[in-house]
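The following questions and answers concern one protein model. Please consult the sequence and the structure while reading.

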Amino acid sequence: MTTSSAHTPAALAEAVRRGDRRALARAITLIESTRRDHRAQADQLLEALLPHTGNSVRVGISGVPGVGKSTFIEAFGLHVIGLGHNVAVLAIDPTSQRTGGSILGDKTRMVDLSREANAFIRPSPAGSTLGGVARRTREAMLICEAAGFDVIVVETVGVGQSETAVADMVDLFMLLLLPAGGDELQGIKKGIVELADLLVVNKADGDLAATARHTVADYRHALMLLRHGDWRVPVLSCSAVNKAGIDQVWTTIGEHKAAMEASGARVTRRSEQARAWLWNEIRETLVEAFQAHPAVRADLATLEARVTGGAITPTAAARALLEKFLGRPVE
Ligand SMILES: Nc1nc2c(ncn2[C@@H]2O[C@H](COP(=O)(O)OP(=O)(O)OP(=O)(O)O)[C@@H](O)[C@H]2O)c(=O)[nH]1
Ligand SMILES: [Mg+2]
């Protein structure tokens, strides 16, 4: 990224708003960069785009590996594009570094969707912390909105903390389920089902159709009392491969949007998310500054070793390091 006039944040923002695909990809690359000068440009870009964000349905999708997320998102994306929408698919995958591949590294499996002019698919950014990855995905979501995408899908793999990060940035968090027994049998981590605004049992086809019906009934029974405000969490089924039941998922997302708008919950949820985002930024930035501080760096390894060796308490070590960082005694 250069700072020649054609590439100033203001010019880039304009190009993004015009719907220029290369500008969109470049803008996301800019916000993903960890270089300090890029960060300053990214902040200017986001500031210019911010007034043009917010006009989308933000949907989070999670589910254990193999549940059919990619297949579902392709069918869902094509359905929604058929109705005249523009769909952006983003991903949060904190595991991608370890496995060396990204959640949408299998982008090729969304062949039909990636060929659509009204679709934009972006793999998960690399990152060392979930907070860092989530921050960039959230900003990518805003950029896509400014570029005119009115349906944003944020995908994450259902194996841990990332579901919370996704639920914290979308209007509706949807969990895909397998036609099988309860949460544990499905490999769903505790607490994840409670995050969901919508449950969808996928693979309701062929030999699995009957099991899918039972799974729907079981979850409906188990979730009888689960409400998010006035919203009672629906349990649906679909077959992503047969593209069956996808329309009902989209209709339900529309009902959720209408209900949230009518009650004011959508505005509240988004402003609470913005507040939480502010505090995440403060925490992330503080920790980065702390770790980069020369006096802290000089002593960090030694103090860490003394803590793990049991020679000093974590509290005392933290205090000693914080005093170096702040340059004054800590109360
Ligand atoms: N029978 C049936 N199979 C499906 C359906 N949806 C997906 N599958 C199959 O399930 C397998 C996994 O599907 P994916 O879409 O790759 O699942 P995923 O959740 O994206 O998996 P990861 O990317 O590994 O987390 C593939 O073999 C799909 O063909 C469905 O509706 N019915
Ligand atoms: Mg997948």
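Q: In which helix do Phe-72 and Phe-76 both lie?
A: The model is predicted: local features need pLDDT of at least 70, side-chain atom pairs count only at pLDDT 80 or more, and totals for chains, interfaces and linings use all residues. Residues are numbered from 1 along each chain as its sequence is written, chains are lettered from A and ligands numbered from 1 in the order in which they are written, and side-chain values use heavy atoms, with hydrogens and water left out. Helices (H or I, at least four residues) and strands (E, at least two) are DSSP runs, numbered from the N terminus. Phe-72 and Phe-76 are four residues apart, about one turn of the helix, and both belong to helix H4 (residues 69-82).

Q: How many aromatic pairs does the structure hold?
A: Rings of Phe, Tyr and Trp (its six-membered ring) pair if their centres lie within 6.5 Å; planes under 30 degrees apart count as stacked, over 60 as edge-to-face and the rest as tilted. By this definition, the number of aromatic pairs in the structure is four.

Q: Which kind of pair do the rings of Phe-72 and Phe-76 form?
A: A pair of aromatic rings is described by the distance of the centres and the angle of the planes. For Phe-72 and Phe-76 the centres are 5.5 Å apart and the planes are at 20°, so the pair is stacked.

Q: Are Phe-72 and Phe-76 buried or exposed?
A: Buried means under 20% relative accessible area, exposed over 50%, and partly exposed in between (1.4 Å probe, protein chains only). Phe-72 and Phe-76 are both buried.

Q: How many residues apart in sequence are the parts that Phe-120 and Phe-149 tie together?
A: The ring centres of Phe-120 and Phe-149 are 6.1 Å apart and the planes are at 40°, so this pair is tilted. Phe-120 lies in strand E3 (residues 119-121), and Phe-149 lies in the loop between helix H7 (130-146) and strand E4 (151-157), so the pair ties together parts whose separation in sequence is 29 residues.

Q: Where is Lys-203, a residue with a positive phi?
A: Most residues other than glycine have a negative phi. Lys-203 is not a glycine, yet its phi is about 65°. At 29% relative accessibility, Lys-203 counts as partly exposed. Its place is the loop between strand E6 (198-201) and helix H11 (209-222).

Q: What is the relative accessible area of Lys-243?
A: Lys-243 is found in the loop between strand E9 (235-237) and helix H12 (246-263). Lys-243 is partly exposed, and its relative accessible area is 48%.
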